[in-house]
Amino acid sequence: MSDDSHESNGHSPEGHENVPSRQRTRFPGISSRAYEHPADRSALVALRRLSGFDTVFKALSGLLPERSLRLLFLSDSVRVSDQQFAHLHAMLLDACHILDLEKVPPMYVNQDPQPNAMCIGLDEPIIVVTTGLVELLDEEEMRAVVGHEVGHALSGHSVYRTILLFLTNLALRVAWIPLGNIAIMAIVTGLREWFRKSELSADRAGLLVGQDLKASMRGLMKIAGGNHLHEMNVDAFLAQAEEYEAGGDLRDSVLKILNVLPRTHPFTTVRAAELKKWAESRDYQRIMDGHYPRRDEDKDTSVSDSFRQSASSYATNVKNSKDPLMKLVTDIAGGAGDLGGRVRRGFGGFAGSTPTDSTPPKDQPPRDDD
């Protein structure tokens, strides 16, 4: 690895102080494809390659309240700089340097006790973090969050997040119009499904910036359980994710789907488990060793290859999943028999059910009906 791929101790790329006193790998020219979740990546590649896609979305900018949002944050939030929230400013410069993002997006701190962060904007991304999040996380945990949001910016997620926010608000306004809300919510549901996958991608970007898996885990635990680390345990927290995936019957599988539909983010334990699995993968190690796709190769990306990777990833996830519904899907695909019986057992049987007419009770001969 060349010297250019490591952060100098004690100085940010622009000469600002207050960066970590440990060396971290830098990724010159890294493409967001390096860390994007397969489902997220395939959707983005397909959208980017569509002729006129950018033109259509730019045309929507006149309808979307982007200028209003920028003025709102400028007038009613604190803009991060070397004079305000200087430690966050250094983290932002540092994250952009690590991921080689040339234009540093403006960043604001908004008064809100709810821990949250977002990257929005059509023409240019802006990052917003709440005071609840700033007060909750320590420096290295916050570094992962800032890297997470810079990852959103590098991937171009801010465009779709802004549209999602706009359509969600629009759906509330037209809820009284017959069928109007249904059409909009169908689009919103699709965007939310994509955005949940994009959060997994951004978590990976945060790890590439901080390069401290323990800090990333701590941050996710705090978002789930508050500032009580002495009361929490990473292994037990990850065990929750395994229990969530494998526990219950088909009724629980359906409830999981219904619970996640209105959310823009995956559940926190699931995010932690996904990030740990990626951090232990060969893909992550290759990136850390300097072997990753470059931005200047993006134009040569094959849409069909990306979709094949995504389909392969989903197939593997379904095959290895411990979720009862996914097991049933795998069994159906494998030609397992007695489908009706498996479904009944999956849903815990029917209340007050008795053996079917076609199946005689155990140890009793078939009954002749006159």
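The model is a predicted one. Its open sheet has four strands in the order β1-β2-β4-β3, with mixed pairing. Helix α6 packs on that sheet, and α6 also packs with helix α9 at an angle of about 90 degrees. No disulfide is present, as a search of the whole structure finds zero.

**Sheet architecture**

- The edge strands are β1 (78–79) and β3 (117–120), each of which pairs on one side only.
- Strands β1 and β2 run antiparallel and are joined by two bridges; within this pair, Val78 stands opposite Val109 of β2.
- Strands β2 and β4 pair in the parallel sense, over four bridges.
- Strand β3 and strand β4 (residues 126–130) pair in the antiparallel sense, also over four bridges.
- Val128 of β4 is the bridge partner of Tyr108, and Val128 is likewise the bridge partner of Met118.

**Side chains of β2**

- Met107 and Val109 point one way from β2, whereas Tyr108 and Asn110 point the other way.
- Met107, Tyr108, Val109 and Asn110 are all buried.

**Packing of α6 on the sheet**

- Strand β3 pairs with β4 over four bridges, and helix α6 touches both of these strands as well as β2 (107–110).
- The direction of α6 makes about 20 degrees with that of β3.

**Packing of α6 with α9**

- Helix α6 (residues 139–155) and helix α9 (residues 213–225) have their axes 8 Å apart and pack at an angle of about 90 degrees.
- Because angles of 65 to 115 degrees count as roughly perpendicular, α6 is roughly perpendicular to α9.
- Glu140, Glu141 and Ala144 make the contact from α6, and Ala215, Ser216, Arg218, Gly219 and Lys222 make it from α9.
- The residues of this contact divide into four charged, two polar and two nonpolar.

**Cysteines**

- The sulfur of Cys96 has its closest cysteine sulfur in Cys119, at 10.0 Å, which is too far for a bond.
- For the sulfur of Cys119, the closest cysteine sulfur is in turn that of Cys96, at 10.0 Å and too far for a bond.
- A disulfide requires sulfur atoms within 2.5 Å, and the search of the whole structure accordingly finds zero disulfides.
- Cys96 is buried, with a relative accessible area of 3%.
- Cys119 is buried as well, with a relative accessible area of 4%.

Definitions and conventions:
Residues numbered from 1 in each chain as written. Predicted model: local features only at pLDDT ≥ 70, side-chain atom pairs only at ≥ 80, totals over all residues. Heavy atoms only, no water. Axes fitted to C-alpha atoms, helices over the stretch in contact; angles between N-to-C directions. Parallel < 35°, antiparallel > 145°, perpendicular 65-115°, else oblique. Contact = heavy atoms within 4.5 Å. Nonpolar A, V, L, I, M, F, W, Y, C, P; charged D, E, K, R; others polar. Pairing = 2+ DSSP bridges. Buried < 20%, exposed > 50% of the residue type's maximum accessible area, 1.4 Å probe, protein only.
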